[in-house]
Amino acid sequence: MAFRTILVPLRGDGRGESVLDHAFALGAPFNAHIRAVHSRPRVQDLMPFGVTVPRLVREQISSSADSIADGEVARVKDLFESYVKNRRIAVCETRPPLHGELTISWNETPGKQADIVGIWGRLSSVIAVAQPDNDTNLGQNTLESALLNTGRPVLLCPDKPVKDIGRNVAIAWNGSAESSRAIAACGSVIANADRVTVLASQDANNMELSAEDLILHLLDHDIQSTVTTVNSKESNLGAGLLKAAKADGADVIVMGAYGRSRGRAMILGGVTQWIIDNTDMPVLLVH
């Protein structure tokens, strides 16, 4: 299916405009609808986690919860409306949305952002999320929920200017089920690209499904592609993939996420986590 609806979680962390820019760049060729959602904090969401809170403090937090939430909602919505006005994006509140042009809508719902993304994302074509901040860990829960709870592609958006996404696509291929799912889930982007490059590591000849197998598969769908060999040791394969994609002029990498169990990949510093931590270009991840 074409990328019809792009879910964009928004909060007042200063990254909303960048993520919307990425969603706009990805969705414009498809006349997609950007579904911006702000998760309104509830009383229980404002309570410290794992800490016993005295009754008086709980009552104070409860009494001020609405005003805190109202202030946050108003601030984020103001930023959203300014962005839409400055970019001259058509607002469409209908469900399903119209697709004669790229459109956008504002949505507000109570709950934690990670939980909302994990649910709403299941009926989205793709979920655009900010690259997590390593220093504060902000955004990690949202990214993990989008990746592991929805079954949908996730557009990882570094805080960098972006113009085009999908004109020159690099596919990270290792013959795994995860990389195969990534290609299937992002098929509309790959098919719409002007150029497609398959990135394969030096030991690609040892794979059960080679890069040449993938090229023939894509050709069966009328997609021309070429192979670039990633000259990198396994321990630094993420850096090799990123370097090769940029050298080929790619504007997005399509790749499977967490080929091993997520916990093991995190502990071992897997390719997925390296890319998440270090990429400075958009990445479409599929678990």
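In what order do the eleven strands of the open sheet lie, and with what pairing? The points below begin with that sheet and then turn to its helices, cores and loops.

1. The model under review is predicted, so that local features need pLDDT of at least 70 and side-chain atom pairs count only at pLDDT 80 or more, while totals for chains, interfaces and linings use all residues. Residues are numbered from 1 along each chain as its sequence is written, and side-chain values use heavy atoms, with hydrogens and water left out.

2. The order of the open sheet is E3-E4-E2-E1-E5-E6-E11-E10-E7-E8-E9, and its pairing is mixed; two strands pair here if DSSP finds at least two bridges between them. Strand E3 (90-91) and strand E9 (226-230) form the edges, each pairing on one side only. In the protein there are eleven helices and eleven strands, taken as DSSP runs (helices H or I, at least four residues; strands E, at least two) and numbered from the N terminus.

3. Strand E2 deserves attention, since eight of its eight residues are buried, where buried means under 20% relative accessible area, exposed over 50% and partly exposed in between, with a 1.4 Å probe and protein chains only. Both faces of E2 are covered, with His33, Arg35, Val37 and Ser39 buried on one side, and Ile34, Ala36, His38 and Arg40 on the other. E1 and E2 run parallel and are joined by six bridges, and Thr5 has His33 in E2 as its bridge partner. Between these two strands the chain passes through H1, and this β-α-β crossover is right-handed, a term that applies if, with the strands pointing away from the viewer, the path from the first strand over the helix to the second runs clockwise. E2 is also joined to E4 by eight bridges, again in the parallel sense, and His38 stands opposite Glu108 in E4.

4. Elsewhere in the sheet, E7 and E10 pair in the parallel sense over three bridges, and Ile171 stands opposite Val254 in E10. Helix H11 (residues 271-278) packs on the sheet, where it touches strand E6 (154-157), E10 and E11, and its direction makes about 150 degrees with that of E10; axes are lines fitted to C-alpha atoms, for helices over the stretch in contact, and angles run from 0 to 180 degrees between N-to-C directions.

5. Helix H4 (residues 113-120) is mostly covered, six of its eight residues being buried, namely Gln113, Ala114, Ile116, Val117, Gly118 and Trp120. These buried residues pack against strands E1, E2, E4 and E5 and against helix H5 (140-149). In helix H6 (residues 177-185), Glu178, Ser179, Ala182, Ile183 and Ala185 are buried, and the buried residues of H6 pack against E7, H7, H8, E10 and E11.

6. The largest nonpolar core holds 50 residues, of which Val8, Leu26, Leu218 and Leu284 touch the most other members; such a core is a set of buried Ala, Val, Leu, Ile, Met, Phe, Trp, Tyr and Cys residues joined through side-chain atoms within 4.5 Å. Apart from it lies another core, of 31 residues, among them Ile127, Met255, Ala257 and Ile275. Of the 287 residues of the protein, 51% count as buried.

7. Ala32, in the loop between helix H1 (16-27) and E2, counts as buried because its relative accessibility is 0%. Leaving aside neighbours within four places in sequence, Ala32 is in contact with Phe3, Arg4, Ile6, Gly27, His99, Glu101, Leu102 and Thr103, contact meaning heavy atoms within 4.5 Å. Ala32 and Pro97 are 65 residues apart in sequence, with 8.9 Å between them in space, C-alpha to C-alpha.

8. The peptide bond from Arg95 to Pro96 is cis, with omega near -5 degrees, and Pro96 lies in the loop between E3 and E4. Arg88, although not a glycine, has a positive phi of about 55 degrees; its place is in the loop between helix H3 (55-87) and E3, and Arg88 counts as exposed because its relative accessibility is 79%. Asp222, also not a glycine, has a positive phi of about 65 degrees and is found in the loop between H8 and E9, where it counts as exposed at 73% relative accessibility.
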